[in-house]
Amino acid sequence: MRHARRTARRITRLAAVGGLLCGSLLVTRAIANEPGASGPPVPVGERLVAQLGAARTAGSWLGADGRTVVAVTDAGAAADVRRAGARAEVVRHSMRDLRSAAATLRAAPRVSGTAWSMDYGSNEVVVRADSTVSAGDWSRLAGVARTIGASVRMERTRGTFTTRVDGASPIFASGGRCSAGFDVTDGKAAFLLTAGHCGPVGTTWFARPGDATALGTTVSGTFPGNDFSLVRYDDGVPRAQNDVVAIGGGRGVRITGAADPVVGQRVFRSGSTTGLHSGRVTGLNATVNYPEGTVTGLVQTTVCAEPGDSGGPLFADGLALGLTSGGNGNCDAGGTTFFQPVGAAMTALGVRLTGTSGDDDAEAGAGSGQARPGGDVAPSAPPAGSEAGAPSEGGTGTGVGTGTNMGGATDTGNGTASGTGTGAGTGPVAAISRVVNTRSVGPGLLVIGGSLIALVAARSMRSSRRGRGAW
């Protein structure tokens with residue numbers, strides 16, 4: 001009997017110690033996964049490119065397996081990349097060479113209907129000309145490319161490079177129709193971020209054609225050069241809870257911050273004409289010579305878009321990435337679509353995504369409103385599983401609070417909701433909410449508490465037995 005009691009005590013102590021270890025591990029992992037005020041670490045590809053410099057690297061991208069690939073120009077840089085856990089690919093032209101080629105193309109006489117971007121995978125600046133470019137202009141541009149050398153490749157493409165203003169859209173103005181982008185704030189008033197080509201300063205927008213009450217007015221913007229604009233909501237009320245991108249069918253994806261896209265990353269675009277579509281990022285810092293003017297610094301993708309999708313949001317992994325600018329093709333035959341990076345637009349306008357640090361209603365919204373994805377950015381998962389209440393048909397987004405109307409064809413509301421930066425709070429209220437949240441450190445604390453109780457109980461039983469002389 002005494003041996004059985006000793007065995008039971010040993011088992012209790014071992015279980016309690018094991019519980020303490022498991023609970024500590026759960027708490028440690030939960031805290032490690034909580035983004036801090038400083039934001040997640042910079043992706044490994046971007047970090048390596050910055051460390052090694054423009055003369056020894058030529059960009060980074062995600063391979064088909066989701067692993068980061070860094071283009072390098074020498075064996076030493078390749079060794080550094082491999083030691084960091086990424087894959088190295090030795091190339092002929094450095095980032096400095098590619099930038100020089102792009103600068104020469106920008107300095108040449110402008111040809112409407114052309115576009116170029118850096119193709120990291122082929123280690124070239126790829127120049128594309130649409131069907132509107134004449135044989136003479138094509139010949140002159142090809143001559144510029146020959147003077148640059150092997151770092152430039154010329155291609156003809158179908159269709160035309162145009163902005164996407166016309167067509168069905170949830171926001172309407174006398175000059176055209178567009179899709180809403182993201183809700184932003186300067187800390188005092190509420191604004192809608194959309195494409196700059198949708199309308200100049202002073203443009204009045206409506207949620208539906210024929211509405212007597214205006215949705216808002218464009219108060220700032222840039223096009224050409226860049227392609228973003230700021231529409232001030234007429235009610236002027238920040239929408240701190242609007243953090244859902246509607247994707248049609250009453251579904252939505254929660255937006256928790258903003259980031260810079262990565263070449264090879266799977267991304268999603270939602271627009272009022274064509275709804276939700278996905279593709280991959282194929283180039284950064286792209287230049288497009290629209291008929292209206294030249295726009296630089298764009299993100300190039302394989303996502304399709306059609307007239308009316310302009311200004312609609314590009315996103316992945318719950319992060320805002322860009323605003324639909326223009327492109328060629330359609331969603332039947334496919335095509336190329338360019339996006340204005342959302343981070344650059346917000347910085348230039350002095351605004352942040354609604355609900356991020358500084359908003360009165362965002363207790364758990366501290367952290368960077370322009371956070372980067374942590375570590376290697378793997379291809380994004382489809383967002384259909386992240387459902388949230390989208391606005392009702394024809395609404396302005398103020399009736400339900402959490403929805404953003406820019407998704408399916410039946411949604412005609414006012415704009416995209418943005419998120420809460422990295423989604424982590426830094427104040428005491430946020431800290432307490434994380435502790436009691438059963439999806440974060442709560443389970444670990446419960447395991448630790450139960451283990452401590454078991455240890456105390458075992459100790460108490462031993463003391464009790466000693467008092468009776470049985471130990």
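**Charged pairs, a helix and a sheet**

Me: Which word describes Asp80: buried, partly exposed or exposed?

Reply: The relative accessibility of Asp80 is 26%. Buried stands for under 20% relative accessible area, exposed for over 50% and partly exposed for values in between (1.4 Å probe, protein chains only). Asp80 therefore counts as partly exposed.

Me: What pLDDT do side-chain atom pairs need in order to count?

Reply: Residues are numbered from 1 along each chain as its sequence is written, and side-chain values use heavy atoms, with hydrogens and water left out. This is a predicted model, in which totals for chains, interfaces and linings use all residues, local features need pLDDT of at least 70, and side-chain atom pairs count only at pLDDT 80 or more.

Me: How far apart are the closest N and O atoms in the salt bridge between Asp80 and Arg83?

Reply: Asp80 and Arg83 both belong to helix α3, three residues apart, about one turn of the helix. Arg83 is exposed because its relative accessibility is 63%. A salt bridge requires a side-chain nitrogen of Lys or Arg within 4 Å of a carboxyl oxygen of Asp or Glu. For Asp80 and Arg83, the closest N and O atoms are separated by 2.2 Å.

Me: How many residues apart in sequence are the parts tied together by the salt bridge of Arg56 and Asp74?

Reply: In the salt bridge of Arg56 with Asp74, the closest N and O atoms are 2.9 Å apart. Arg56 is in the loop between α2 and β1 and Asp74 in the loop between β2 and α3, so the pair ties together parts separated in sequence by 18 residues.

Me: What arc do the buried residues of α3 cover around the axis?

Reply: In helix α3 (residues 75-83), the buried residues are Ala77, Ala78 and Val81. They are on the same side of α3 because they cover, around the axis, an arc of only 105°. The arc is that of the directions from the helix axis to the C-beta atoms. The exposed residues Ala75, Arg82 and Arg83 are on the face turned away from the buried side, whose arc is 105°.

Me: Which strands are at the edges of the open three-stranded sheet?

Reply: This open sheet has mixed pairing and the order β1-β2-β3. Each edge strand pairs on one side only, and this applies to β1 (57-62) and β3 (87-90).

Me: How many bridges join strand β2 to β3?

Reply: Two strands pair if DSSP finds at least two bridges between them. Strand β2 (residues 68-72) runs parallel to β3, and Val69 stands opposite Arg87 in β3. The number of bridges joining β2 to β3 is four.

Me: At what angle to β1 does helix α2 run?

Reply: Angles run from 0 to 180 degrees between N-to-C directions, and axes are lines fitted to C-alpha atoms, for helices over the stretch in contact. Helix α2 (residues 44-52) lies across β1 and β2. Its angle to β1 is about 175°.

Me: Which residues are linked with Glu124 in a network of salt bridges?

Reply: The salt bridge between the side chains of Arg153 and Glu124 has an N to O distance of 2.1 Å. Arg153 lies in strand β6 (residues 152-156) and Glu124 in strand β5 (residues 124-129), so the pair ties together parts that are 29 residues apart in sequence. The network links Glu124 with Arg128, Arg153 and Glu155.

Me: Which side chain makes a polar contact with that of Ser117?

Reply: Ser117 is in strand β4 (residues 114-119) and, at 3% relative accessibility, is buried. A polar contact is a pair of N or O atoms within 3.5 Å; within protein, one must be able to donate a hydrogen and the other to accept it, and residues adjacent in sequence count only if both atoms are side-chain atoms. At 2.8 Å, the side chain in polar contact with that of Ser117 is Gln300.

Key:
Helix = DSSP H or I, 4+ residues; strand = E, 2+ residues; numbered from the N terminus. Contact = heavy atoms within 4.5 Å.
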